[in-house]
Structures are given as C-alpha cells and as structure tokens.
Amino acid sequence: MLLEEYKYLIPEESNGVITQNVKELRNVETLLRTIFEKYNYIETLVPLFEYIDLYKNVYTNFDEEKTFKYIGKDGNVIALRWDFTIPIARHYFSQSTNQEARYSYFGKVYRKEKVYKGRNNESYQAGIELINVPGIPGNIEVLEILQNLLKNLNLSNLKVELGSAKFFNRLCKLTGNKQKLIEILSKKNISEMQKFVEANNNLSEKLKYLLLKLPRLFGDITMLDDIIAKSEDEIILKSLKELRNTYNKINCKENIVFDLSMCPSMEYYTCLMFKVYSPYSPEPIVSGGRYDSLYKNFKKDVPAIGMGLYLNNILNALEKEGSI
Amino acid sequence: MVRIAITKGRIEKDVYKLFKKCGFDVTPIETKDRKLQVKTRDDFEFIFAKSNDVLTFIEHGMADLGVVGKDTLEENDFNNYNELLDLNVGKCYFALAAYPNYKTKIFNGRKKIATKYPNIAKKYFSDMKENVEIIKLEGSVELGPVIGMTDAIVDIVETGSTLKANGLEVIEKISNISTRLISNKVSLKYKSEEIYNIVDKLNKVIREES
C-alpha cells in the first residue's frame, strides 16, 4: 500500500488516535489518584505481558480467544494484560510477608471484542486491591473509597448495588445445580425459574418460594430485611446478615440498593459483590467484590477485596449527562 | 418512557396481539404503515428491526426491552441481557434434517452441513463429538442437500412442510424455540416498575392462553 493510504487505513482492532475527552480522562484519573493516595494505596505499574497459563490457572473457564497473544522468546504463549487483579496478586505472592497491602492501578486491558458492534478492544481501567483486611472492615474501607469518589464524579442518580456470592453459592449447594442457576439468575428469567422449580419437586417449600421470587429480588434495604425475616437456612441468614451489617456501617447510604440474584461475574468472588450503575451507561461503570479464596491458588491464604472502574463507561456517561 | 424493540415480521404480529390482549394501546402500531418508530398512550415507544439488530440495540442500551426469537439469542454471541419471559408464541424447533438414508449411510470423511446458524450447528456437532464442515447459507437451506452440496442441514422447523416437499426429514430435534422478552440490564434497574408492569400483564395473558 502507498504510504498516503495509511492516513485512513487502520487495523480493525484499533480505535485510532483519540483526542476527544482526553483532558477529562486525565481529570478523572487525577481525582481518583488523589483519593487512592489519601487512603494509602500504592500505585503500581503492571506489565503488559503475562503468561497465558497464569490466567488459565486462575480462571477455570478462561476464554483464551478473547486475549491478544503471541509466542514468547521461551516458546510459551504470552497474553497482553487481560486484567489487573491477577498480576497484582502475583506480585503480592512474590513478597515473603503476609502483611496488609493496598495497591492501586491505572491502565488499559486488552480483550478481543466482537467486530462491527461498536465495542473497544482496549478499555481503560482504574482500580484498587486491598489485601489481608478481612470481613466487614475491608468491605467498608473499599465502599467508603467508592462513595467518596462517586460523590466527586459529577454523575447523578447513581446506584451502588450490593450482592452476595456466599448467598449465591449456598443456593447452588441447596439446589445442586449451579450451572442452571447461573443460567436463570444471570438473565433474571422468570419463565425458566418457574420450570426449574416445577421440575425439582424435592426442594423444600421455603426454598421453592425463595427461588420463584429470586429473579425479581432487587431493590432497597426493605427488600433485604423482608427476605432476612423470612429466611431460616443458617448459611443464607448469615450471608444476608453480612450484607446488612456492611450496609449498617456505610456512612452514605442513600444510593445503596441490593440484588440478591446477582451472579458472581468473576468466579473467585466469595462474599460481597458490588456494581455501580448510571442511567447514562448501558453497562456498569464500576464492578468489584471480595475474593478470599483467590490467593489460596498461590498458597497464600489471605483475604482480599478489590474494585475496577471502567473509565470508558464513566467518560461516556459524563458526556451523555452533559457534564463534559 | 420504555422503548421496546420488536423483531419485524411474524414475531411483530404475535406481539401486537399479546399487547392488545394486555389492554395496552396498540392503535399506533395498526396504523404505522412504513414507520419504524411509533409512540403509544402507555408511554411506550416501539421500534421495529431485524432480529439481530434488536440485540445490538439492547446491548447499547438504545432499547430497554426487546422481543426476539430464542434462535437469535442462541446464535448471537452477545449474552449480557436479561431474558425476562418466554412469551410462548412463535413456537418451533431447531433440527438436523436430511434425506432418510442419512441415518444408515457411511460417510467417508467429514459430513457437510448447510445452515443459517453456524454457532448452533457447531455446538450441536461438538456435543455429539463429531467433526463436520459447516457451510453457511443465507436462506432456503434445504437447497444444500437438494443440489447435492451438503449431506444435511441444521435449521428451524415449524411445520416441516418445506422439508417434506423436498424429500427431507427430521433426523434429530436439537432444541425448542419460542419468542422471548429481553431487557438491557441497566434499564431494568432504572425502569423496573414500568418493565415489570408489562411483564406481569404479559405473563397473565400467556398463562390464560396455555
């Protein structure tokens, strides 16, 4: 091709050079950085290259096709950074101590998305990982940072939605059909839940009642309290009360809602999960959760919690809302 | 306002009847002629689109609700929507179909399969642990075996009359299909009252009919 043709030819995977909203992106970044620093999070620079086997060992259903990859010097397959949690976890394991640690990150992840659907293969993320601060104190620290930064973002009508992986895992155990439950709950499928309950007559009446309601069990604290009052199973109660206790200790409560049919978007989530929605973004703008068993894979039994902010979604929402 | 994307064609007619039975205002749909977008007294905005485009609009949050066949949901690789309700209309099924001698014939090498749904076909044969060559056709898939290009087809079967007219028969049923009500995940968080009002009324009508 002639050199001048490259004025308009760019690879399908590329978004070209972006000039729009770059200043706003940096402003959001600065805002986040200031808050992360205030809470003593150490900013990390995470490598772009990782062995693909690292990801495959952590995620049992890792979709390799979505990664950008090549064969490295040593003959092993290398993936471009697919997320930040795993490289940061690897860094923590390489340390000899098991101390509390606070890390933050800013950068892009690279995932092959569908073509011709208006999606980006490079998405800009920021986030934090809080390691070895277990239970509610850890949850509260992360949620407080979240509330703090949302307050400063110039986005209105946000919803911070909490869910429980422990609750979800208990339901999987009680029904004995995790696969089906994910299929139904991740789609809030009323018709399929009806069929599932009818086909599983051996389940207790209480459980059937809960399952039938579950696809629509999202809403404010009164919804959660109502379900707590009606539940008897010990582990279900425990998981819901954990959510309640986390809620009790959050300073700013008005934008908090719950979704009991929330399915773990990452298989390593163990307890609290959360998402932030804006009416101006078709996808969540923040996603996070507690993953107390992830680090066990690396033979360090420490609890951890983290969250990632999808900066592209945040910028789009800011733009649509007219805040840019 | 709730924006509802409807798959054009037969699904559109079924949905029109369901919404009418729910007591919703459907007059603007009756008189829409070639308009692609109409507003109703219930503060709904209906848009009419091709099935896969309904999913694209849901994906981008440009429509809150969508009405689309299960066949489209299964074939499309976008997965991040709520599938709220089986509307129990537009019932048909995916099947493997071929000439009757398919069952006993010994094939040298890979079978050739014509289909409009390569993902469904790929999944079916990988579940059967069979390696086949899939050839995508855009319509009248039956032509694959008829002109001798492929050994079988994977397609939607409603009445089976096209198969029969061309000497083909269903070798195996793969999965059931019907029309589904889907939503964008964020829309459901912000418009749950409006959306569940529609869901409840539709659900009542569906139950009365079945």
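**From strand pairs to cores**

Me: Which residue does A:Glu161 stand opposite in β9(A)?

Reply: A:Glu161 stands opposite A:Val257 in β9(A). Please keep in mind that this is a predicted model, in which local features need pLDDT of at least 70 and side-chain atom pairs count only at pLDDT 80 or more, while totals for chains, interfaces and linings use all residues. Residues are numbered from 1 along each chain as its sequence is written, and chains are lettered from A and ligands numbered from 1 in the order in which they are written.

Me: What makes β7 and β9 of chain A count as paired?

Reply: Two strands pair if DSSP finds at least two bridges between them, and a strand is a DSSP run of E with at least two residues, whereas a helix is a run of H or I with at least four, both numbered from the N terminus. Strand β7 (residues 159–164) and strand β9 (residues 256–259) of chain A are joined in the parallel sense over three bridges, so they meet the condition for a pair.

Me: How do you know that β8(A) also pairs with β9(A)?

Reply: Strand β8 (residues 218–219) of chain A is joined to β9(A) by two bridges, running antiparallel, and A:Gly219 stands opposite A:Phe258 in β9(A). Since at least two bridges are required, two are enough, and therefore these strands count as a pair.

Me: Why are β2 and β3 of chain A called edge strands?

Reply: Three strands of chain A form an open, antiparallel sheet in the order β2-β4-β3. β2 (49–51) and β3 (69–71) of chain A each have a single partner strand, so one side of each is left without a neighbour in the sheet. From one strand to the next, the twist averages 35°; such angles run from 0 to 180 degrees between N-to-C directions, with axes fitted as lines to C-alpha atoms, for helices over the stretch in contact. β3(A) and β4 (residues 77–80) of chain A pair antiparallel over three bridges, and A:Lys69 stands opposite A:Ala79 in β4(A).

Me: Which strands are the edges of the six-stranded sheet in chain B?

Reply: The order of this open, mixed sheet is β2-β3-β1-β4-β11-β5 in chain B, and its edge strands are β2 (37–39) and β5 (81–86), each of which pairs on one side only. β5(B) is joined to β11 (residues 179–184) of chain B by five antiparallel bridges, and B:Glu83 has B:Ile182 as its bridge partner in β11(B).

Me: How do you know which strands helix α9 of chain B lies across?

Reply: Contact is the test here: two residues are in contact if their C-beta atoms, placed from the backbone, lie within 7 Å. Helix α9 (residues 192–209) of chain B lies across β1, β4, β5 and β11 of chain B, at about 30° to β5(B). Helix α1 (residues 10–21) of chain B lies across β1 (2–7), β3 (44–49), β4 (65–69) and β11 of chain B, at about 135° to β1(B).

Me: What makes A:Phe196 a buried residue, and what covers the buried residues of its helix?

Reply: A residue is buried if 20 or more other C-beta atoms lie within 10 Å of its own, exposed if 12 or fewer do, and partly exposed in between.

Me: Why is a set of residues called a nonpolar core, and which members of the largest one touch the most others?

Reply: A nonpolar core is a set of buried Ala, Val, Leu, Ile, Met, Phe, Trp, Tyr and Cys residues joined through C-beta atoms within 7 Å. The largest holds 103 residues, of which A:Ile314 and B:Leu181 touch the most other members. Not counting residues up to four places away in sequence, B:Leu181 touches B:Leu65, B:Val67, B:Leu84, B:Leu85, B:Leu87, B:Val199 and B:Leu202.

Me: How many residues of each chain make up the contact between chain A and chain B?

Reply: 15 residues of chain A are in contact with 16 residues of chain B. The chain A side has four nonpolar, four polar and seven charged residues, where Ala, Val, Leu, Ile, Met, Phe, Trp, Tyr, Cys and Pro count as nonpolar, Asp, Glu, Lys and Arg as charged, and the others, Gly among them, as polar.
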